[in-house]
Amino acid sequence: MRAPKKVTFIYRNYEGLGVGYLASYARSLGHQVQLVLYPDPWCDTYVKQKDKNSSMAGPLQTRVNRQLQDEIVDFGPDLLCFSTVTDDYQWCSETAGSLRAATGAPSLFGGVHVTSVPERVALNPNVDLFCVGEGERLLGRLLDELDDWKAGEDLNIPGLWYTRGGLTHRNGLGESVQTLDELPFPAKDLFYERLPGLARTYTITTSRGCPYKCTYCYNAVMLPMYRDEGRWMRQRSVANVIDECRWAMENFQPRHFLFMDDVFASSKKWVEEFAARYKQEIGVPFALVTEAVVLKDDVVRWLKDAGLVNVQIGVQTLNEESKTRIDRPESRAQLERALTSLNRYDVHYQVDHMLGVPGETDRDQQAALEFYNQYRPDIVSVFWLKYYPKLPIIDFAIEKGIIRPEDIDDIEEGRNEASYLFGGNAPEFARWLGYNMLFGWLNFLPRSVVSFLLASPPRIHRLSFGSFFLSSSLPRMLSTVFRRPDFRGRDHVRRLLGQMVYIFELVARDVRRHGVSSGPTLVPAPSVLPGPVGASSLSPALSDPAGMVAALPPTAAASLDGRTLVGRRSGGNVYAAGDR
Ligand code: B12
Ligand code: SF4
C-alpha cells in the first residue's frame with residue numbers, strides 16, 4: 001500500500017450503516033478516518049423537510065457549520081466522502097462545494113442516489129469522483145491510487161466514475177461484496193463519539209439486498225443492475241452476526257439491538273439457528289424490520305423466545321390490484337398468518353401503510369381500516385408515497401397524469417421536497433387526511449368506535465385535519481410513553497434531545513474559537529445545480545387547485561386556518577384558488 005490517507009466522511013443527522021462499513025473498511029487498510037456529523041433537526045429528512053432557513057435555525061446552523069468546517073480543516077483530509085440518499089443530495093452538493101473550497105480536497109460521492117442517477121451526478125461540478133454501486137472495494141483501491149488520479153492519470157476501478165476535461169469516465173458498477181462475513185464490523189465508535197445516545201440501540205444488518213422488487217423501492221432499481229454481477233441478496237452467517245452482537249455488547253453495552261435488514265429472516269433454517277444462539281449468547285431484547293412473507297408461525301415463536309419485542313412490517317396496501325401493480329410480495333393469506341402469529345406470541349408490532357398509491361379509492365382505505373381493526377396492530381404507521389429517481393412506479397404515475405415528464409428533473413436532482421411522513425406526492429392529499437387520522441389513533445380507539453366511524457364514511461372525512469402532529473406525532477408519543485416495547489419511539493425522542501446537546505457543544509466550541517459576536521466565515525458554496533423547474537411542477541392537478549376541488553368529494557378537501565387545503569406539493573400546502 002502507498003502512504004496512508006486521511007479520509008473525512010460527512011454525514012447528516014444520525015447513523016448510516018453504509019458509512020459505518022466504508023469507514024471501518026478504510027481503517028482496516030490503515031487509513032485515518034474522521035466522521036463529521038452535521039446535526040440539522042430543522043431540515044431532517046428523517047423527521048420532515050421544512051424551514052431550512054427558519055430564523056431560529058439560521059444563525060445557530062451557521063455557527064455549527066463553521067465549527068464543523070474548522071474541525072475538517074484541522075484534520076487536513078485527502079478526500080471528502082459523501083453518502084447520499086436523494087433527499088440529502090442537494091445538501092451534500094452544497095456542503096461539498098464549500099468544504100472543497102476550504103480544504104482543497106476532492107469530493108467522492110456514493111450511495112443510493114448516486115447509483116440511481118449517475119449520468120446526472122456526472123454533471124455536478126461539486127462532485128469530483130463518484131461511486132456507482134457498492135463502495136468498500138472501490139474505496140480501498142481509490143485510496144491507494146488517489147495520488148495518481150490527482151496527478152492526472154486515469155483510473156480503472158470498477159464503479160468509479162468522474163468527469164474530467166469535459167469527459168465522463170465510466171467504470172461500470174462497484175464490485176458487490178459477495179461474502180459479507182469478510183467485512184469488518186461498522187465503525188460505530190465514530191457515530192457514538194458525536195452522539196453517545198445512539199449506542200443505546202445497536203443498529204445492525206444481517207444481509208444486503210432483497211429478493212423482491214416492489215415498484216416504489218430502491219431494490220427495483222438495484223436488482224436489475226446487479227443481475228449479472230453475482231447475487232444481490234446476500235446473507236451473513238449466523239456465527240458472524242453473533243460475533244458482531246458480542247463485540248457490540250463488550251464495547252458499547254447496548255440495551256437493545258435493531259435489525260435493519262430489508263427483509264430479516266428470509267431463510268427459516270438461518271432463523272432457527274440464529275434464535276437459539278442469540279438467546280444463549282446475547283439475550284438482549286431486540287427489534288427487527290421485515291416483510292410478512294417470512295413471518296411463519298414457528299419463525300415468530302423462535303424469535304420471540306430469543307428476545308424479540310418489536311417488529312415493523314410493510315403492508316402498504318390491501319387492495320389486490322394495487323398489490324399486483326406495485327409488486328408486493330405477500331398474499332393476503334400470508335399477511336393474515338403473520339399478524340395472527342404476532343398477536344399469538346404477543347409481540348409489539350407496527351405495520352407500515354402507504355397513502356397516495358395511484359389508483360386507490362376511499363373504499364381501499366376503508367377495507368384497510370376494517371382489516372387493521374380486526375388484527376389491531378400496536379401502531380399503524382402511515383408513509384406517503386414519494387417518488388424517488390428511476391423507480392418503476394414513476395412510469396405508472398406519468399401514465400395516470402399524476403406527475404409529468406418534466407417533473408423528473410426535480411425528482412432526479414433531489415429537489416422534490418415532499419415529505420414521505422405527511423402528504424408525499426399525493427395529488428388528492430386532502431382526500432386521505434381523515435383516514436390518516438384514524439390510522440394514527442386506531443389502536444387507542446375501541447373496536448366499536450372504529451366500526452361506528454366506518455359505517456358512514458363522511459364521519460371519517462370529518463376527521464380531516466391538515467396536522468401531522470395531531471394525526472401522527474401525538475398518538476406515536478403516547479405509544480412511546482405508555483408502551484414499554486416501543487423502544488424505537490423512545491430512541492427517537494432521545495436522539496432529538498441528544499442532537500440538541502450536540503448542537504450546544506458545537507456552538508460553545510465555535511464561541512471559544514471565534515468569539516460571541518464574530519460573523520460567519522464559511523466559504524460559500526458555488527451555486528451549480530440548475531434551479532427548481534417552476535412552482536407548477538409535480539402534478540398538473542396541483543397546479544390547478546380549483547380543478548382539484550372539483551375532482552374531490554365535498555368532504556375530502558380539508559379546512560386549515562379557514563382556507564381549503566386541496567393538495568400538497570414539494571415544500572408546502574396547496575390551497576383552493578382564491579383561498580391562498
Ligand atoms: C436503514 C435505513 C434507514 C435508516 C438509517 C439510514 C441510513 N442512512 O443508513 C433510517 C431509518 C434513519 C432511514 C431513514 C431514511 N431513509 Co432509509 N433506508 C434504510 C435501509 C433499509 C438500509 C440502509 C443501509 O444500511 N444499507 C446498507 C448499506 C451497506 O448500504 P448503503 O447505505 O447503500 O451503502 C453502500 C453503497 O450505497 C455505497 N455507498 C454509500 N454511501 C457511499 C459513500 C461513498 C463515498 C462511497 C464510495 C460509497 C457509498 O457503499 C456502501 C457499502 O457498500 C435502506 C434500504 C437499503 N437497504 O439500502 C433505506 C433507504 C436508504 N432509505 C430511504 C429513504 C428515502 C429514507 C428516508 C428519506 C425516509 C424513508 N422514506 O425511508 C430517510 C432518510 C434519512 C437519511 N438521511 O439517510 C431510501 C432512499 C431512496 C433514495 N433514492 O433516496 C431507501 C433506499 C429505501 C427505499 N425507500 O427504497 N433509512
Ligand atoms: S419487500 Fe420490502 S425491501 Fe423488498 S423490494 Fe419490497 S419494499 Fe423493498
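Predicted model: local features only at pLDDT ≥ 70, side-chain atom pairs only at ≥ 80, totals over all residues.
The protein has 580 residues, and 45% of them count as buried. Its secondary structure comprises 22 helices and 18 strands. When contacts between residues at least 6 apart in sequence are considered, 78% join residues at least 24 apart.

One open sheet is built from 7 strands, arranged in the order E2-E1-E3-E4-E5-E6-E7, and its pairing is mixed. The edges are held by strand E2 (32–38) and strand E7 (167–169); each has a single partner strand, so one side of each is left without a neighbour in the sheet. From one strand to the next, the twist averages 20°. Within this sheet, strand E1 (residues 6–12) and E3 run parallel and are joined by 4 bridges. Val-7 is found opposite Leu-79 in E3. Helix H3 (residues 89–103) packs on the sheet, where E1, E3 and E4 are touched by this helix. The direction of H3 makes about 170° with that of E3.

Antiparallel pairing is found between strand E5 (residues 129–131) and strand E6 (residues 160–164), which are joined by 3 bridges. Here Leu-129 has Tyr-162 in E6 as its bridge partner. E6 also runs antiparallel to E7, again with 3 bridges, and in this pair Arg-164 is the bridge partner of Leu-167 in E7. E6 and E7 form a hairpin with 2 residues between them. Gly-165, in the turn of this hairpin, has a positive phi of about 55°.

The segment before E1 contains Arg-2. Arg-2 counts as exposed because it has 10 C-beta neighbours inside 10 Å, where exposed residues are those with 12 or fewer. Apart from its neighbours within four places in sequence, Arg-2 is in contact with Asp-144 and Asp-147. Arg-2 and Leu-146 are 144 residues apart along the chain, while their C-alpha atoms are separated by 9.6 Å. Residues 136–150 make up helix H6.

Elements of this part of the chain also contribute to the surroundings of ligand 1. A total of 36 residues surround ligand 1, and the closest are Leu-17, Gly-18, Ser-83, Gly-110 and Gly-135. At least two residues of this shell are supplied by each of helix H1 (17–28), strand E3 (79–83), strand E4 (107–110), helix H4 (112–116) and helix H6 (136–150). H1 provides the largest share, 4 residues. Divided by class, the shell around ligand 1 has 18 nonpolar, 12 polar and 6 charged residues.

A further open sheet has 6 strands in the order E8-E11-E12-E13-E14-E15, with parallel pairing. Strand E8 (201–204) and strand E15 (379–384) are the edge strands, and each pairs on one side only. The twist in this sheet averages 20° from one strand to the next. E8 pairs with strand E11 (residues 256–259) in the parallel sense over 4 bridges. Thr-201 has His-256 in E11 as its bridge partner.

On the H20 side the contact involves Arg-476, Ser-479 and Thr-480, which meet Gly-489, Arg-490 and Val-493 in H21. The residues in this contact comprise 1 nonpolar, 3 polar and 2 charged.

Conventions: Residues numbered from 1 in each chain as written. Chains lettered and ligands numbered in written order. Buried ≥ 20, exposed ≤ 12 C-beta atoms within 10 Å, placed from the backbone. Contact = placed C-beta atoms within 7 Å. Nonpolar A, V, L, I, M, F, W, Y, C, P; charged D, E, K, R; others polar. Near = placed C-beta within 6 Å. Pairing = 2+ DSSP bridges. Axes fitted to C-alpha atoms, helices over the stretch in contact; angles between N-to-C directions.
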